[in-house]
Amino acid sequence: MLNLDRVRALCAVAQAGSVAAAGRILHVTPSGVSQQLAKLEREVGAVLLEPTGRGVRLTPAGELLARRGDQLLSHASGIEAEIVAMRSEVVGPIRFGAFVTASRLVLPGAVTFLLSRYPVHVTVTEAETEVTLESVSRGRIDIGVVDSWESAPVEIPTELESRLIHRDTADVALPADHPFARSAVVPLSALSAMPWVAWGSGTAFHAWLVRTLRRQGFEPRVDFEASDISTHLAFAAAGLAAALVPRLAVDRPPAGVALVATEPRLHRDIYAVWRADTGGPAVRAGVDAVEAAFGSGEAQDSRSE
């Protein structure tokens with residue numbers, strides 16, 4: 001087995017051009033370098049250096065070993081860094097950003113878990129997915145929890161790492177006396193005459209609802225706008241509008257509302273994202289905590305597909 005210190009001595013000679021110069025790089029005497037190289041030659045069973053004038057030069061075998069040795073040392077250094085990172089404690093601040101539903105239903109459990117196990121300070125900022133992605137990219141927050149609907153996918157910047165942590169589905173909320181209220185599935189195209197309640201104009205959720213319904217062949221009439229799912233459900237309960245409601249956002253519908261699966265099905269993927277250059281122990285612990293919170297009973301989909 002190759003001794004890394006001896007390989008390092010050979011690479012230093014190849015870099016510096018002489019044994020003496022290699023000794024200065026390694027902070028050892030030239031005699032120490034020579035001893036390491038002699039042992040390395042015995043290990044590999046080949047001559048690695050040959051005299052030339054007052055110095056030495058690498059033989060073909062020495063050049064090969066020095067070239068591969070640089071790769072070997074780099075690989076070993078990377079492994080050591082990973083081990084150090086695994087040993088490192090989870091400390092310091094962990095800054096989360098998340099869309100509304102995740103902030104309300106999932107992040108409290110993740111934060112509670114982190115505070116119970118590590119000496120960390122945790123903060124949460126609620127914002128739309130596009131804002132959260134920008135905040136992570138600019139280093140304003142450490143971990144973002146973002147969503148991407150199949151019908152309106154979000155592009156995650158290339159400098160960010162991501163992990164898929166949950167898949168959600170949206171149903172349509174209808175007044176309980178609506179003709180489709182007792183149906184197992186309702187074609188969205190059959191609801192073209194309904195007024196709708198949606199998030200405010202200019203938000204990603206509003207744009208998603210409009211785009212989704214346009215794909216079903218009609219222009220939705222959005223008569224009501226509100227930024228809270230409970231308000232959407234209240235308008236449906238009053239018989240005033242239909243709404244598209246993510247299952248993650250509501251476990252059981254309130255009185256007067258029927259939640260019906262749609263055709264086509266409306267799915268979204270939920271990701272944890274973080275900067276590739278800041279994925280240390282605290283970030284990894286934070287991502288794991290969020291994923292575990294999504295996997296708990298309170299974040300699970302209670303209605304079958």
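Predicted model: local features only at pLDDT ≥ 70, side-chain atom pairs only at ≥ 80, totals over all residues.
Helix α3 runs over residues 30–44, and its 15 residues reach 21 Å from the first C-alpha to the last, which is close to the 21 Å expected at 1.5 Å a residue. Within α3, the residues V33, L37 and L40 are buried. These three cover an arc of only 60° around the axis, which means that they lie on the same side of α3. The general rule behind such a pattern is that an α-helix has 3.6 residues a turn, so residues three or four places apart point the same way.

## Backbone features

Most residues other than glycine have a negative phi, and most peptide bonds are trans. Against that background, H27 has a positive phi of about 60° although it is not a glycine. H27 has its place in the loop between α2 (19–26) and α3, where it is exposed, with a relative accessible area of 72%. After α3 comes G45, whose phi is also positive, near 70°.

A further feature of the backbone is the peptide bond from E263 to P264, which is cis, with omega near 5°. P264 is found in the loop between β11 (257–263) and β12 (266–275).

## The largest pocket

How much space lies in the largest pocket? The volume is about 460 Å³, and of the 26 residues that line this pocket, the closest to its centre are E128, D147, T203, A204 and F205. By class, the lining has 14 nonpolar, 6 polar and 6 charged residues.

The elements that give two or more residues to this lining are α5 (100–105), α7 (129–137), β5 (143–149) and α8 (204–214). Among these, α8 gives the most, with 5 residues.

## A buried aspartate

D142 is found in the loop between α7 and β5. Is D142 buried or exposed? With a relative accessible area of 15%, D142 is buried, because the cut-off for buried residues is under 20%. A polar atom of the D142 side chain lies 2.7 Å from the backbone nitrogen of R95.

Note on methods: Residues numbered from 1 in each chain as written. Heavy atoms only, no water. Helix = DSSP H or I, 4+ residues; strand = E, 2+ residues; numbered from the N terminus. Expected span 1.5 Å × (residues − 1). Buried < 20%, exposed > 50% of the residue type's maximum accessible area, 1.4 Å probe, protein only. Arc of directions from axis to C-beta. 1 Å grid on protein atoms, 1.4 Å probe; cavity = no way out; pocket = protein on both sides within 12 Å on 5 of 7 lines; lining within 4 Å. Points joined across faces, edges and corners; volume = space filled by probe spheres on them. Nonpolar A, V, L, I, M, F, W, Y, C, P; charged D, E, K, R; others polar. Polar contact = N/O pair within 3.5 Å; in protein donor to acceptor, adjacent residues only side chain to side chain.
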